[in-house]
Amino acid sequence: MTGRQRTPGSQTSLREANRARLVDSLKQHGRLTQVELAGVTGLSPATVSNIVKELSASGVLTTTASSRSGRRAVEVALARQLGLVAGLHFSSRHLRIAISDVGRAVVAENHVPLAFDHRHDRELDRAALLLGDMLDSVGASLDDVLAVGIALPVPIDQSTGMISAPGLMRGWEGVPIAEDFEQRVQRPAIVDSDANAGALAEHRQGAARDVSSAAYVRAGHTIGAGLILDGRVFHGTRGKAGQIGHVTIDENGPICRCGSRGCLDTLAGGPALMELFRGDPRMQRLRDLLAQADAGDASCRRVIADAGRHIGIALANLCNIVDPELVVVGGELAQAGETLLAPMRHALERSALAGAAGVPDIVQGALESRAELLGCLSLAIDSIGVGDGIRFPAVAG
């Protein structure tokens with residue numbers, strides 16, 4: 001007999017399951033002390049210590065001396081030599097790319113503008129070229145990339161990898177986006193909405209890291225939300241969960257690109273806000289509106305406040321349905337701070353059902369404009385299986 005059959009429940013299987021549990025926790029959290037690892041995995045401190053020693057010796061993990069609350073601690077992370085991941089965030093007007101190791105340490109980052117109504121074929125080609133150039137700059141190649149996470153400003157059907165609602169992003173519909181990019185770079189890819197990616201990043205690394213359920217609102221050129229329920233992104237049946245940009249605010253309002261009338265996007269999205277300043281040479285992009293509001297322009301501040309009120313009304317409906325602990329606001333409009341957030345809170349307090357603790361608090365995102373990109377990296381890291389690059393040493397016995 002040349003090998004030993006691994007039966008369910010055997011000591012070998014239990015040890016492998018424990019190691020996989022520890023590695024999965026580091027994929028989600030980036031860096032943790034051994035005490036924190038014991039807490040999140042449910043393993044005993046002695047088991048964690050033994051696994052960390054074993055996987056550090058084999059090059060899977062790295063450890064560094066640290067301190068928490070004045071006490072010595074050993075901080076654990078996945079080793080960079082395990083491989084790299086990449087993230088691509090296609091927003092309405094920009095492409096952002098980042099490369100990180102599996103411990104989430106970003107080693108390269110870049111962004112380029114996109115034309116209005118850009119098409120998938122041209123932009124995926126450009127993204128592949130940019131990714132190759134960025135890898136060259138850090139002395140790596142596509143062979144070092146374990147996975148690529150991609151985010152778009154539209155809902156994605158997780159069963160098909162395609163946009164799940166027509167009319168929202170011309171030039172990208174009917175395309176299996178992850179599959180198309182895989183053919184260009186010959187690396188595994190995963191795709192999701194940018195609101196879901198932002199929600200994932202804020203939950204893992206940002207303002208929502210201490211709660212198990214949260215709503216992340218991305219307010220910018222378009223408006224969307226990502227939902228974290230019981231610590232996981234909730235997609236819905238076809239990936240359309242959280243699409244508050246298409247909640248009807250005024251049933252007699254403007255026609256939306258989705259075909260409905262008076263959607264939140266038509267009242268509070270970037271193009272709708274900029275249309276109010278048509279003909280003003282100072283106001284060409286959303287950042288101009290934000291700059292003028294920050295400088296004290298009363299009309300710009302009012303426009304942002306009105307947008308906050310409209311978003312708050314849609315958000316109240318969302319909170320009444322999913323009941324999150326916290327609302328995190330990101331996207332370009334979030335840079336307006338309390339000019340946007342205060343009217344959102346007021347609308348939420350007026351329209352949402354209040355529990356014993358009131359309505360969910362609304363806070364500004366901690367990761368700012370990088371939330372969606374960092375979320376893409378987390379998508380890629382989460383998709384990596386043990387056999388995709390994180391390889392354990394053989395288990396004796």
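# A predicted chain, from surface to loops

Reader: How much accessible surface does the chain have, and what percentage belongs to carbon and sulfur atoms?
Author: This is a predicted model, in which local features need pLDDT of at least 70 and side-chain atom pairs count only at pLDDT 80 or more, while totals for chains, interfaces and linings use all residues. Residues are numbered from 1 along each chain as its sequence is written, and side-chain values use heavy atoms, leaving out hydrogens and water. Accessible areas come from the Shrake-Rupley method with a 1.4 Å probe, and for residues only the protein chains shown count as cover. The accessible surface of the chain is about 18,400 Å², and the part belonging to carbon and sulfur atoms is 48%.

Reader: Which radius of gyration does the chain have?
Author: The radius of gyration is taken over C-alpha atoms, and the globule rule is 2.2 Å times the number of residues to the power 0.38. The C-alpha atoms fill a box of roughly 80 × 50 × 40 Å along the principal axes. For 397 residues a compact globule would have a radius near 21 Å, and in agreement with this the chain has 23 Å.

Reader: What share of the residues in the chain is buried?
Author: A residue is buried under 20% relative accessible area, exposed over 50%, and partly exposed in between (1.4 Å probe, protein chains only). Of the 397 residues, the buried share is 52%.

Reader: How many helices and strands are there?
Author: Helices (H or I, at least four residues) and strands (E, at least two) are DSSP runs, numbered from the N terminus. The secondary structure of the chain comes to 12 helices and 15 strands.

Reader: Within what arc do the buried residues of α5 fall?
Author: Helix α5 covers residues 177–185, and its buried residues are I177, A178, D180, F181 and V185. The arc is that of the directions from the helix axis to the C-beta atoms. Seen down the axis, these residues line one face of the helix, because they fall within an arc of 160 degrees.

Reader: Which strand holds I156?
Author: I156 is buried, with a relative accessible area of 1%. Beyond its neighbours within four places in sequence, I156 is in contact (heavy atoms within 4.5 Å) with residues including I177, V191 and R238. The cover over the buried residues of α5 includes β8 (156–157). I156 is found in strand β8.

Reader: What is the relative accessible area of E75?
Author: E75 is in strand β3, residues 71–78. Not counting residues up to four places away in sequence, E75 touches R31, L32, T33, T62, T63, T64, S66 and R68. E75 is buried, and its relative accessible area is 16%.

Reader: What phi does R104 have?
Author: Most residues other than glycine have a negative phi. R104 lies in the loop between β5 (94–101) and β6 (106–113), and at 11% relative accessibility R104 counts as buried. R104 is not a glycine, yet its phi is positive, at about 75 degrees.

Reader: Is D323 buried or exposed?
Author: D323 sits in the loop between α10 (298–322) and β14 (326–330). D323 has a positive phi of about 55 degrees although it is not a glycine. With a relative accessible area of 58%, D323 is exposed.

Notes. Contact = heavy atoms within 4.5 Å.
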